[in-house]
Amino acid sequence: MKKINILWAIALVGLLGGCVKDEIFKGPPTISNVTMTPVSPLTMQAVTVSAKVTDLNGLKSVVLNYKTDAQTAYQQITMTGTSGIFTAQIPGQDGGSTINYYLTASNIFDMKTNHPANAPTSTAAYTVGAARIVMNEIYSRGTTAEPDWIEIYNDSDVAVDLAGYKIYDNGGQGGTKPKMEFPAGAVIPARGFYVIVTDIPVATNPAGFGLSSTGEEVWLENKKGNLIDNVAFPALDVTQTFGRKPNGGTWQVLNTITKGTSNN
C-alpha cells in the first residue's frame, strides 16, 4: 500500500508541476526592435518594416497594419521571416502623405500583442519627404553629477522644433508614469543634435526616468502622438554608450562617448 501511495504522490507532483509550468509560460507574444527602412522615405519609395517577435508557445501570425491619411480602414500585410525577425513592405506613397502603422502578433492560443501597445489608438507613423528625427546615442550609466541622457539627431536639412515631442521608457509605455515632454525652445538644427537628460528627480519632473544599466527599451514620439523611433539597448559599461554609426545609421555599442556631437 505504501508503494502505491508513493507512486500516486509522484504522479500527482508531476501533474501539478506540469500545470504550473503551463501557466507560467502561457502568455502573449513579445514585439521589440521595430525598425523601418528608409526612415525618411521619398515620394513613391517603399518602406520595409521589421521587428523581433518571439513567443514561447508558438507564433500563429505577425501582421503589419497600415493606412494613409486619405484612408479610413487599415490594410493588412502578413509579415514573414526567420529566426524571430519578421518583415513586410509598405508600398510607396505620394509626397506629404502620412502613413500610420502598427504590428499585431498572435500565438497558437490566439493571444495577441500590438506594437505600439495601445494601437490602433496610437500608432507608429511617418510622413513621406518629412524631416527625420531619431534617437542617436544613449548613456545609461549615469551618476548624480552626470545623469542618464539620450541624444536626438536631426537627419534633415532644416531645423526642427522638438517642443511637444515625448520620450519615455517602460513606465511611460505602460502608463504607470507620464511621458517626458521636450520643453519649449528645444530646437534642433539641421544635421544637428539635442541631448535630453532623462534621470531627473520625481520632485522636479514626475516624468523623469533612469535608464537601466542592464538594458531596456525606449520610445520617441512626435507632437501628434505618433511613434517615430524606438530601440532596445543592451547592458553597457560606464565608458560606453549605445549609438548609431554613422549618425542616424546602425545601432551599435560605442566605446567613445560623443554626447551632443557626431558619432562618426
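A nonpolar core is a set of buried Ala, Val, Leu, Ile, Met, Phe, Trp, Tyr and Cys residues joined through side-chain atoms within 4.5 Å. Buried means under 20% relative accessible area, exposed over 50% and partly exposed in between, with a 1.4 Å probe and protein chains only. The model is predicted: local features need pLDDT of at least 70, side-chain atom pairs count only at pLDDT 80 or more, and totals for chains, interfaces and linings use all residues. Residues are numbered from 1 along each chain as its sequence is written, and side-chain values use heavy atoms, with hydrogens and water left out.

**View 1. The largest nonpolar core has 25 residues.** Those with the most contacts inside this core are Met135, Ile150, Ile152, Leu162, Ile167, Phe182 and Val218. Strands β10 (133-139), β11 (149-154), β16 (193-197), β17 and β18 (227-233) each give two or more residues to the core. β10 gives the most, with 3 residues. Strands here are DSSP runs of E, at least two residues long, and helices are runs of H or I, at least four; both are numbered from the N terminus.

**View 2. Isoleucine 150 and its contacts.** Contact means heavy atoms within 4.5 Å. Leaving aside residues up to four places away in sequence, isoleucine 150 touches Met135, Glu137, Ile138, Ile167, Tyr194, Val195, Ile196, Thr198, Leu211 and Val218. A second, separate core of 24 residues includes Tyr66, Tyr101, Val128 and Leu227.

**View 3. Glutamate 217 in strand β17 (residues 216-221).** Glutamate 217 counts as buried because its relative accessibility is 11%. Not counting residues up to four places away in sequence, its contacts include Ser32, His115, Tyr168 and Asn230. The side chains of glutamate 217 and asparagine 230 are joined by a polar contact of 2.6 Å. Such a contact is a pair of N or O atoms within 3.5 Å; within protein, one must be able to donate a hydrogen and the other to accept it, and residues adjacent in sequence count only if both atoms are side-chain atoms.

**View 4. A tilted aromatic pair, phenylalanine 182 and tyrosine 194.** The whole structure holds 7 aromatic pairs. In this one, the ring centres are 5.8 Å apart and the planes stand at 50 degrees, so the pair is tilted. Rings of Phe, Tyr and Trp (its six-membered ring) pair if their centres lie within 6.5 Å; planes under 30 degrees apart count as stacked, over 60 as edge-to-face and the rest as tilted. Both phenylalanine 182 and tyrosine 194 are buried.
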